[in-house]
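This briefing sets out the computed features of the structure shown below.

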Amino acid sequence: YESYRARCLWMLGIIEGARAQYSGSLAYYGQALQIYQALGELDYAATMQHLLADGLGTIGQFPEAWRH
């Protein structure tokens, strides 16, 4: 069920991003990333890293974005 939970967090992140609620979006992506990493789901973890970097860039946090 953890993989499903991570997918739900991912979708919530997309919804928050579409609503321009970037801090909420980033929080959801971060939670999903932790779950995917723990499960060894590296492809999905990489996707979360990309979404985190994109969101951080959107709000002007470029040095932090480059860490993802």
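**Helix packing and local geometry**

Apart from its neighbours within four places in sequence, Ser-25 is in contact with Gly-13, Glu-16 and Gly-17. Ser-25 belongs to helix H2, and its relative accessible area of 5% makes it buried, because buried means under 20%. The model is a predicted one.

**H1 against H2**

- Two packed helices are described by the angle between their axes and the distance between the axes.
- For H1 and H2, the axes come within 8 Å and cross at roughly 160°.
- H1 is thus roughly antiparallel to H2, because angles over 145 degrees count as such.
- The crossing in which H1 passes H2 is left-handed.
- On the H1 side, the residues that meet H2 include Glu-2, Arg-5, Leu-9, Trp-10, Gly-13, Glu-16 and Gly-17.
- Glu-16 is placed in helix H1 and is buried, with a relative accessible area of 16%.
- Leaving aside neighbours within four places in sequence, Glu-16 is in contact with Gln-21, Gly-24, Ser-25 and Tyr-28.

**H2 against H3**

- The axes of H2 and H3 come within 9 Å, with a crossing angle of roughly 160°.
- H2 and H3 are therefore roughly antiparallel to each other.
- H2 and H3 cross in a left-handed manner.
- From H2, the contact is made by Tyr-22, Leu-26, Tyr-29, Gly-30, Ala-32, Leu-33, Tyr-36 and Gln-37.
- From H3, the contributing residues are Tyr-44, Ala-45, Met-48, Gln-49, Leu-51, Leu-52, Gly-55, Leu-56 and Thr-58.

**Helix H2**

- H2 contains 18 residues and reaches 26 Å from its first C-alpha to its last, close to the 26 Å expected at 1.5 Å a residue.
- Its buried residues are Ser-25, Leu-26, Tyr-29, Ala-32, Leu-33, Ile-35 and Tyr-36.
- The cover over these buried residues of H2 includes H1 and H3.

**Helix H3**

- H3 spans residues 42-58, has 17 residues and reaches 24 Å from first C-alpha to last, close to the 24 Å expected at 1.5 Å a residue.
- Ala-45, Met-48, Leu-51, Leu-52, Ala-53, Gly-55 and Leu-56 are buried in H3.
- H1, H2 and helix H4 (62-66) are among the elements that cover the buried residues of H3.
- Gly-60 follows H3 and has a positive phi, near 85°.

**Aromatic rings**

- A pair of aromatic rings is described by the distance of the centres and the angle of the planes.
- The count of aromatic pairs comes to 3.
- The rings of Trp-10 and Tyr-44 have centres 5.8 Å apart and planes at 65°, so the pair is edge-to-face, given that planes over 60 degrees apart count as edge-to-face.
- Trp-10 lies in helix H1 and Tyr-44 in helix H3, so this pair ties together parts that are 34 residues apart in sequence.
- Trp-10 counts as buried at 13% relative accessibility, whereas Tyr-44 is partly exposed, with a relative accessible area of 29%.
- One aromatic cluster is formed by Trp-10, Tyr-36 and Tyr-44.

**The loop between H1 and H2**

- Ala-20 is found in the loop between H1 and H2.
- Most residues other than glycine have a negative phi.
- Ala-20, although not a glycine, has a positive phi of about 60°.
- At 44% relative accessibility, Ala-20 counts as partly exposed.
- Gln-21 is also placed in this loop, between helix H1 (2-18) and helix H2 (22-39).
- With a relative accessible area of 38%, Gln-21 is partly exposed.
- Gln-21 and Leu-33 are 12 residues apart in sequence and 18 Å apart in space, C-alpha to C-alpha.

Definitions and conventions:
Residues are numbered from 1 along each chain as its sequence is written. This is a predicted model: local features need pLDDT of at least 70, side-chain atom pairs count only at pLDDT 80 or more; totals for chains, interfaces and linings use all residues. Side-chain values use heavy atoms; hydrogens and water are left out. Helices (H or I, at least four residues) and strands (E, at least two) are DSSP runs, numbered from the N terminus. Buried means under 20% relative accessible area, exposed over 50%, partly exposed in between (1.4 Å probe, protein chains only). The expected span of a helix is 1.5 Å times one less than its number of residues. Contact means heavy atoms within 4.5 Å. Rings of Phe, Tyr and Trp (its six-membered ring) pair if their centres lie within 6.5 Å; planes under 30 degrees apart count as stacked, over 60 as edge-to-face and the rest as tilted. Axes are lines fitted to C-alpha atoms, for helices over the stretch in contact, and angles run from 0 to 180 degrees between N-to-C directions. Angles under 35 degrees count as roughly parallel, over 145 as roughly antiparallel, 65 to 115 as roughly perpendicular and the rest as oblique. A crossing is left-handed if the near helix is turned anticlockwise from the far one by less than a right angle, and right-handed if clockwise.
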